[in-house]
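Welcome, and please load the model in your viewer. We will walk through it one selection at a time.

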Amino acid sequence: MRGAVEGVCIVEAGYFEDGRLQENIRTLKADSFKRYEFEVTARGDRLPEIRVYNINGDRDVYEIV
């Protein structure tokens, strides 16, 4: 799967299976809007999802179906 995470002040992003981190998505903390492209191999039977966290601890979760 190819995709991108984007936002402001992102400190962590990753690919998760069954709630466990499988692969980090490389990001750099920046005060301006940034976009980070990635590619992962998702296994549909393992509840795959992309999680992104910002400096305030807020997160966004995208379930891969």
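Two strands count as paired here if DSSP finds at least two bridges between them. Keep that in mind for the opening stop, and note that this is a predicted model.

Select β2 and β3 together. They form a hairpin with two residues between them, and four bridges join the antiparallel pair. Look for Gly14, which stands opposite Asn24 in β3. In the turn, click on Asp18: its phi is positive, about 50°.

Next, show the side chains of the largest nonpolar core, which has eleven residues: Val5, Ile10, Ala13, Tyr15, Ile25, Tyr36, Phe38, Val40, Ile50, Val52 and Ile64. β2, β4 and β5 each give two or more residues to this core, and β2 has the largest share, with three. In soluble globular proteins, nonpolar side chains tend to be buried together.

Leaving out residues up to four places away in sequence, Val52 touches Val5, Ile10, Glu12, Ala13, Asp58, Arg59 and Asp60.

For the last stop, select Arg51 and Phe16. Arg51 lies over the face of Phe16, at 4.2 Å from the ring centre. If you go looking for aromatic pairs, a search of the whole structure finds zero.

Terms used
Residues are numbered from 1 along each chain as its sequence is written. This is a predicted model: local features need pLDDT of at least 70, side-chain atom pairs count only at pLDDT 80 or more; totals for chains, interfaces and linings use all residues. Side-chain values use heavy atoms; hydrogens and water are left out. Rings of Phe, Tyr and Trp (its six-membered ring) pair if their centres lie within 6.5 Å; planes under 30 degrees apart count as stacked, over 60 as edge-to-face and the rest as tilted. A charge sits over a ring if NZ of Lys or CZ of Arg is within 6 Å of the ring centre and within 35 degrees of the ring normal. A nonpolar core is a set of buried Ala, Val, Leu, Ile, Met, Phe, Trp, Tyr and Cys residues joined through side-chain atoms within 4.5 Å. Buried means under 20% relative accessible area, exposed over 50%, partly exposed in between (1.4 Å probe, protein chains only). Contact means heavy atoms within 4.5 Å.
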